Amino acid sequence: VFGHISYRSDWELVKVDFRPSFPRECTDDDYESWELTNLQGERCIMGQQRSFRKRKISSWCIKGRSFTSALTSKVCECVNSDFLCDYGFERSAPLKSESSKCFANFWFNPEAPPEDCVLGQAYTSSTGYRKVVSNVCEGGVDLQQNLAQHMCPLIAPKGLQISIREESLAVKPGEDITFIVRQEQGDILNTKYLVDLGDGFKAIYVNLTMTGEPIRHRYENPGIYRVSVKAENVAGHDEAVVFIQVNSPLQALNLEVVPVVGRNQEVNLTAAILPKNPNLTVFYWWIGNSLQPLLTLDNFVVTKFAETGDIRVTVQAACGSSMLQDSKVVHVFDNFHVLPLKFTKHLDMYNPDVPEWREDIGRVVTRLLAKETNIAEETLMTVVKPGLPTTADLHVLLPANQPKIKRSVTSDKRIAAIKQALNAHNISFFLRGGYWVLVTLADSSSDSRRIAGGSGYWAIVVLFVICLVAVGAFILYKFKRQ
């Protein structure tokens, strides 16, 4: 006996010797026989009848180490209760005059050959019963008798499957792939397997699903490959198909968008990725604070902004197991001016046409214009356009403390100051290679473009014209009546 004497004490072990209470060892007269039965009183359990001996309640003695409880064991004859329904069979509701019987389920065909049945071999169809596991009964009732023998027919392949051991359908170029082919039903020895890996590799295999031999391959070029396996024999055929995406991991993502747009003006959002994987990259677009992204397979989206202010645009590009993200802020205004700019041709020689380079050139031009004209730098924004020849747009924004009123271009002194600085060739910067790049207006004779967001003014004009036509028609009608 072990335990604690108190809550704070350690474990205590107490040894109790009961030998003085039992003066002698048991003899045969101290035992009586006992037969094992179930709850219904039946003595044959699991096909045998067994009797044991146990000590009489009145005998106060020690059994000893040499005691054995088993006395006799006798095998019984088999009865109906020694059998269960076989696989695919189910017992029916018992009638009053007879016990329940096993019938095949609606989905099970007892005559169908097993899945591993090979042409030339024989198989037996079940009678619907099988002996209980570990039951040792002999003779008597045999519900498994009269088993029908059948020859295995040539079975058409069914349940053909092809999978990748790595469980990923998107792989990198040059990465080893292991294909596994399985077949649920049908003949295997007399079936040939035609394998097409989609990149020109074709082969014919025999015993492919029986040996479990994998198919190893490597795709060198990006793309989508259709991998098919066709199993066929004289009885029929089956086919399994899987599509493999081979793409290089994304290395760079850049969101290109005009940083200044007018309200309700269409704007193009473009995601430039490296490397380019057409038809393999999915783009997720988040505009503003929306939690529901817009999914596209194209790397651009055309949208409008109905509200003014700073709106964040985020794009995620997913290709295979790689994903990149970029985010930009778009400034939406009701009114601003745009001046087209051009550069001397020396800049085209060093134009790598990358977003970072265009942003750097835009910041340089903005800083030079602000310094030359004494205009606040935060109200100027130069956006260099992609492609050649190198051009740009100068966005002239309203100051933050100035009320938003419509003003003509000629009344804006800032536009005049900027044009004067550009026409006087006062804006230039030094380029590596010993060249000076001059910034001028793309068309010195043209005026600046004014971007006005919304369609309220057009709606007023249209409404005025409609009213004017209605009044004219009313007057004409009155005049004719007189």
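Predicted model: local features only at pLDDT ≥ 70, side-chain atom pairs only at ≥ 80, totals over all residues.
**View 1. A nonpolar surface patch includes F18.** V1, V14, V16 and F18 together make a patch of about 410 Å². Patches take residues with over 30% relative accessible area and no salt bridge, joining like charges within 9 Å and nonpolar side chains (Val, Leu, Ile, Met, Phe, Trp, Tyr) within 5 Å. Areas come from the Shrake-Rupley method with a 1.4 Å probe, and for residues only the protein chains shown count as cover. F18 sits in the loop between β2 (12–13) and β3 (31–35); strands (E, at least two residues) and helices (H or I, at least four) are DSSP runs, numbered from the N terminus. With a relative accessible area of 54%, F18 is exposed (exposed is over 50%, buried under 20%, partly exposed in between; 1.4 Å probe, protein chains only).

**View 2. Helix α3 spans residues 355–373.** From first C-alpha to last, the 19 residues of α3 reach 27 Å, close to the 27 Å expected at 1.5 Å a residue; the expected span is 1.5 Å times one less than the number of residues. Buried residues of α3 include W357, R358, I361, V365 and L369. An α-helix has 3.6 residues a turn, so residues three or four places apart point the same way. After α3 comes N374, with a positive phi near 60°.

View 3. R358 is buried at 7% relative accessibility, whereas D353 is partly exposed at 38%.

**View 4. K385 meets D393 in a salt bridge.** The closest N and O atoms of this pair are 3.4 Å apart. D393 counts as buried, at 12% relative accessibility.

**View 5. E35 and R43 form another salt bridge.** Here the N to O distance is 2.9 Å. Partly exposed describes E35, at 32%, and also R43, at 45%.

**View 6. K192, K230 and E232 are joined in a salt-bridge network.** The structure as a whole holds 14 salt bridges.

Key:
Residues numbered from 1 in each chain as written. Heavy atoms only, no water. Salt bridge = Lys/Arg side-chain N within 4 Å of Asp/Glu carboxyl O.
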